[in-house]
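This briefing goes through one protein chain, from overall layout to single residues. Please keep the sequence and the model open side by side while reading.

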Amino acid sequence: QVQLVESGGGLVQAGGSLRLSCAASGRIFSINAMGWYRQAPGKQRELVAVITSGGTTTYADSVKGRFTISRDNFKNTVYLQMNSLKPEDTAVYYCNADDVVSLGPTKDYWGQGTQVTVSS
């Protein structure tokens with residue numbers, strides 16, 4: 001059974017920083033892309049950043065230059081360093097693992113979400 005466990009959310013003032021972590025556990029052989037999505041109240045879930053197994057990154061325009069995604073393939077862990085946070089970054093942040101090859105069927109997995117709140 002593959003699970004994604006997120007940590008690092010919390011309350012921070014505007015201009016502050018937070019670092020999110022997401023560790024994938026289970027009998028995993030490989031993971032294609034890992035990424036972060038967020039969903040604010042009343043809005044659809046949106047992509048924040050994604051990183052492939054080879055290290056190629058993609059960012060939403062709204063976070064470019066402020067957020068940095070990184071990945072430890074040996075630990076099956078993805079990180080999101082968030083700097084210069086703004087109130088509009090407030091959302092539940094979800095970790096995603098794409099095309100996870102494990103003992104079970106190859107599929108995508110989602111974490112349970114972690115709340116990030118940025119006060120003005």
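Where does Ser 62 lie? Ser 62 is in the loop that runs between β7 (57-59) and β8 (67-72). The model is a predicted one, in which local features need pLDDT of at least 70, side-chain atom pairs count only at pLDDT 80 or more, and totals for chains, interfaces and linings use all residues. Residues are numbered from 1 along each chain as its sequence is written, and side-chain values use heavy atoms, with hydrogens and water left out.

**Overall layout**

- The protein chain has zero helices and twelve strands; helices (H or I, at least four residues) and strands (E, at least two) are DSSP runs, numbered from the N terminus.
- The radius of gyration of the protein chain, 14 Å, is close to the 14 Å that the globule rule gives for 120 residues, so the chain is as compact as a globular protein of that length. The radius is taken over C-alpha atoms, and the globule rule is 2.2 Å times the number of residues to the power 0.38.
- Along the principal axes, the C-alpha atoms of the protein chain fill a box of roughly 45 × 25 × 20 Å.
- Buried residues make up 42% of the 120 in the protein chain; buried means under 20% relative accessible area, exposed over 50%, and partly exposed in between, with a 1.4 Å probe and protein chains only.
- Of the contacts in the protein chain with a separation of 6 or more, 55% come from residues 24 or more positions apart. A contact means heavy atoms within 4.5 Å.

**The four-stranded sheet**

- Four strands form an open sheet in the order β1-β3-β9-β8, with antiparallel pairing; two strands pair if DSSP finds at least two bridges between them.
- β1 (3-7) and β8 are at the edges with a single partner strand each, so one side of each has no neighbour in the sheet.
- β1 and β3 are antiparallel and share five bridges. Gln 3 stands opposite Ser 25 in β3.
- β3 and β9 also run antiparallel, joined by six bridges. Leu 18 is opposite Met 82 in β9, and Leu 20 has Leu 80 of β9 as its bridge partner.

**The largest nonpolar core**

- The core holds 32 residues, of which Trp 36, Leu 80, Met 82 and Tyr 93 touch the most other members. A nonpolar core is a set of buried Ala, Val, Leu, Ile, Met, Phe, Trp, Tyr and Cys residues joined through side-chain atoms within 4.5 Å.
- Elements that give two or more residues to this core include β3 (18-25), β5 (34-39), β9 (77-82) and β10 (91-102).
- With five residues, β10 gives the most to this core.

**Thr 77**

- Thr 77 is found in strand β9 and is buried, at a relative accessible area of 8%.
- The Thr 77 side chain reaches the backbone oxygen of Lys 75 at 2.9 Å.
- Leaving out residues up to four places away in sequence, Thr 77 touches Cys 22, Ala 23, Met 34, Ser 70, Arg 71 and Asp 72.

**Ser 62**

- Ser 62 is partly exposed, and its relative accessible area is 40%.
- The side chains of Ser 62 and Arg 38 are joined by a polar contact of 3.4 Å. A polar contact is a pair of N or O atoms within 3.5 Å; within protein, one must be able to donate a hydrogen and the other to accept it, and residues adjacent in sequence count only if both atoms are side-chain atoms.
- Ser 62 and Phe 29 are 33 residues apart along the chain, and their C-alpha atoms are separated by 33 Å.
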